[in-house]
Amino acid sequence: MIQIAIFASGNGSNAAKIIEHFKLQKDISFVVLSNNANAFVIERAKRLGVEVAVFEKNELYKKESVLHFLQSKEIDLIVLAGFMWLIPSNLVTAFPNKIVNIHPALLPKYGGKGMYGDNVHRAVIENKETQSGITIHLVNEKYDEGQIVFQEKVKITPKDTAETLAHKIHALEHLYYPLIIEELVEEIRKNKKEEITEEE
Ligand code: GRF
């Protein structure tokens, strides 16, 4: 089995797309973790039959309960999908190159603390950019600075507002995030097979 943990703080449309994408792949199992007990992602996960865990700030940053939970589930990949908090170094160290995030702009522009959600799109529109896009990247201890895995651009027309841009970006995210995760999963499958062959 390949165990994937999705961290999400809010709406969870990306989380749902990812879970739906892997519905027929029976060797994939998900757990959704959230810092927000009222987040809609929890409702979505439950509807999709996925286990949910809610944690508090000190369980992530002070105690090691989140880390221990992930280890007890033998998590292979952590997917951040609208997760608002910084990932602490104990998780980055325990899951090297196994934490991935999606950012709704073309990093390294429009990244960093405070650059999330509509703040990003408003800044892009205010700066009269002619394009924006999505960035899927590995996660390190700093906001939006890990190695870039994938980017896709979208044109901005003079009529675009932060709201219309947000729609365009979400459509790109829903299309590409599951596909890029599929590539990462394929790599994990290959490594697991090799491990089994070596043991034999
Ligand atoms: C996405 O735009 C993603 O880029 C950002 O947070 C948003 C989450 O949206 N990291 P949703 O909760 O998946 O709808």
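Start with the shell around the ligand: by class, two of its residues are nonpolar, seven are polar and one is charged. In this sorting, Ala, Val, Leu, Ile, Met, Phe, Trp, Tyr, Cys and Pro count as nonpolar, Asp, Glu, Lys and Arg as charged, and the others, Gly among them, as polar. You're looking at a predicted model, where local features need pLDDT of at least 70, side-chain atom pairs count only at pLDDT 80 or more, and totals for chains, interfaces and linings use all residues. Residues are numbered from 1 along each chain as its sequence is written, and side-chain values use heavy atoms, with hydrogens and water left out.

**Stop 1: the ligand**

Select Asn11, Gly12, Ser13, Asn14, Gly82, Ile102, His103, Pro104, His170 and Glu173, and you have the residues that surround the ligand (each has a heavy atom within 4 Å of it).

Now zoom in on polar contacts, meaning pairs of N or O atoms within 3.5 Å. Which distance separates a ligand oxygen from an N or O atom in the side chain of Ser13? That gap is 2.5 Å. For the side chain of Asn11, an N or O atom is 3.2 Å from a ligand oxygen. At Pro104, look at the backbone instead: one of its polar atoms is 3.5 Å from an oxygen of the ligand.

On its own, the ligand has 370 Å² of accessible area, and the protein covers 85% of that (Shrake-Rupley method, 1.4 Å probe). Colour α1 (13-21), β5 (99-103) and α7 (162-199) next, as these elements each give two or more residues to the shell. Helices (H or I, at least four residues) and strands (E, at least two) are DSSP runs, numbered from the N terminus.

**Stop 2: the largest pocket**

The ligand takes up the space of the largest pocket. A pocket here is an open set of points on a 1 Å grid over the protein atoms alone, where a 1.4 Å probe fits, with protein on both sides within 12 Å along at least five of seven lines; lining residues have an atom within 4 Å of a point.

The volume is about 840 Å³ (the space filled by probe spheres set on the points). Of the 40 lining residues, pick Gly82, Phe83, Met84, Tyr116 and Gly117, the closest to the centre. Which element gives the largest share of this lining? It's α7, with four residues. By class, the lining has 17 nonpolar, 17 polar and six charged residues.

**Stop 3: the second largest pocket**

About 160 Å³ of space lies in here. Again α7 gives the most, this time six residues. The lining has three nonpolar, no polar and six charged residues.

**Stop 4: two loops**

Go to Pro108, in the loop between β5 and α6. The peptide bond from Leu107 to Pro108 is cis, with omega near 15°. Finish at Lys128, in the loop between α6 and β6. Lys128 isn't a glycine, yet its phi is positive, near 55°.

Conventions
Polar contact = N/O pair within 3.5 Å; in protein donor to acceptor, adjacent residues only side chain to side chain. Sits in = over half its atoms within 2 Å of the grid points.
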